[in-house]
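The following note sets out several points on the fold elements and their packing. Please read it alongside the sequence and the model.

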Amino acid sequence: MLNNIIDRIKLPFRKDKELYLALEEIIGFLPHNIAYYKLALMHKSIGHRGPIEPVKDSKKSKGKKGKGDQPKGKKLNNERLEFLGDAILDAVVGDIVYTHFPGKPEGFLTNTRSKLVQRETLGKLAQEVGLSRLILSSGRSASHNSYMGGNAFEALVGAMYLDRGYDACMKFMQERILGRYINIDKMAYKEVNFKSKLIEWTQKNRIQMTFRLEDQSKDQNGSPTFKYTVVLETIDGSTGIGFSKKESQQHACEETLKRLKKDSAYLDSIFAAKTERTKMEEEPVLNVPDTEEKKDDFIVINESQESSNEQIEQLEATIDEEMDLSDVTAEPKEMSREDIIAAAEAEAYEENNVIEQNEN
């Protein structure tokens, strides 16, 4: 409390009065060491050089040094504070989630914490609290870059931890963030379907997507565990582990989506594999059909036609036998056609009379 009063008294005489007031509006208190916060707001694109770490004591060191005697040091940016803030956020949010949801299993708590500290969420928070407009960058718009804002949010937490300690970070998250911008209960039960998002992306880009089961076993408590890998075209994506197929595939899809955004070489390899596949599918058939006609290949004789032809041949043979005139005795040279027919009729008449006599 006494430190806050002293900081308030010193405020009118501060060189960076506007920055102090802007940070107070965001974090809820006046910074002790503004150097940490300046570093947290410094994006790597600035390329500014200075001391390796912010100087805690503003007093100048003893001894005179010329301008050329002071070392430039390493490039200053918020990456180290981002690393520290990421770890502190995990601990603080994990503490809050553990206390807020008594009795919930480890998987539920882990998923809830992940939703609260994911880069997209932190980027939106940086925009909402006004942190994005304070970020120093070179030729970039922090207001439209969720990664830049999310990184700065983590770095801000790292700066608060170094400046005021763990309790200040916990109070900031409980009162300034969860109390104003996030409903922890809605966030916990919100289902983020990363699998659907990845499927939608693959369908839009006509990418083939499959899942490969890597392992199916049981943990030390006897609970079944699954391990799946996402395969896009023929390129392996990320691998996820879970207590169900759905959970493991969700984790695999989430990490694959992150990799697609960050790893341009991975993205290029997928589209190269797609190009190779579609090229193979569209290759022409080299065997050109023959244009020469085959004789009689269009004539089809079925069994009914063959049997019909046989019947016609038999009928013609029967007619020939009935019309056979070889047994008619006559002299071809002396008898005309009319004489031959008359003789045949007479012979037939005689045979008919003989038959009638026999019957009588």
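1. Helix H11 (residues 245-262) comprises 18 residues and spans 26 Å from its first C-alpha to its last, close to the 26 Å expected at 1.5 Å a residue; the expected span is 1.5 Å times one less than the number of residues. Helices (H or I, at least four residues) and strands (E, at least two) are DSSP runs, numbered from the N terminus.

2. The model is predicted: local features need pLDDT of at least 70, side-chain atom pairs count only at pLDDT 80 or more, and totals for chains, interfaces and linings use all residues. Residues are numbered from 1 along each chain as its sequence is written, and side-chain values use heavy atoms, with hydrogens and water left out.

3. The buried residues of H11 are Ser248, Gln249, Gln250, Ala252, Cys253, Glu254, Thr256, Leu257 and Leu260. Buried means under 20% relative accessible area, exposed over 50% and partly exposed in between (1.4 Å probe, protein chains only). These buried residues pack against helices H10 (194-204) and H12 (264-281) and against strands E1 (209-218), E2 (224-232) and E3 (235-242); contact means heavy atoms within 4.5 Å.

4. Thr256 belongs to helix H11 and counts as buried because its relative accessibility is 0%. Leaving aside residues up to four places away in sequence, Thr256 touches Leu198, Val230, Leu232, Gly237, Ser238 and Tyr266.

5. Strands E1, E2 and E3 form an open sheet of three strands in the order E1-E2-E3, with antiparallel pairing; two strands pair if DSSP finds at least two bridges between them. E1 and E3 stand at the edges with a single partner strand each, so one side of each lacks a neighbour in the sheet. From one strand to the next, the twist averages 20 degrees.

6. The antiparallel strands E2 and E3 are joined by six bridges. Lys227 has Ile241, in E3, as its bridge partner. H10 packs on the sheet, touching E1 and E2, and its direction makes about 150 degrees with that of E1. H12 lies across E2 and E3, at about 120 degrees to E3. Axes are lines fitted to C-alpha atoms, for helices over the stretch in contact, and angles run from 0 to 180 degrees between N-to-C directions.

7. The axes of helix H5 (residues 106-117) and helix H6 (residues 119-129) come within 5 Å and cross at roughly 40 degrees, and H5 and H6 are therefore oblique to each other. Angles under 35 degrees count as roughly parallel, over 145 as roughly antiparallel, 65 to 115 as roughly perpendicular and the rest as oblique. Lys115, Leu116 and Val117 in H5 meet Arg119, Thr121 and Leu122 in H6.
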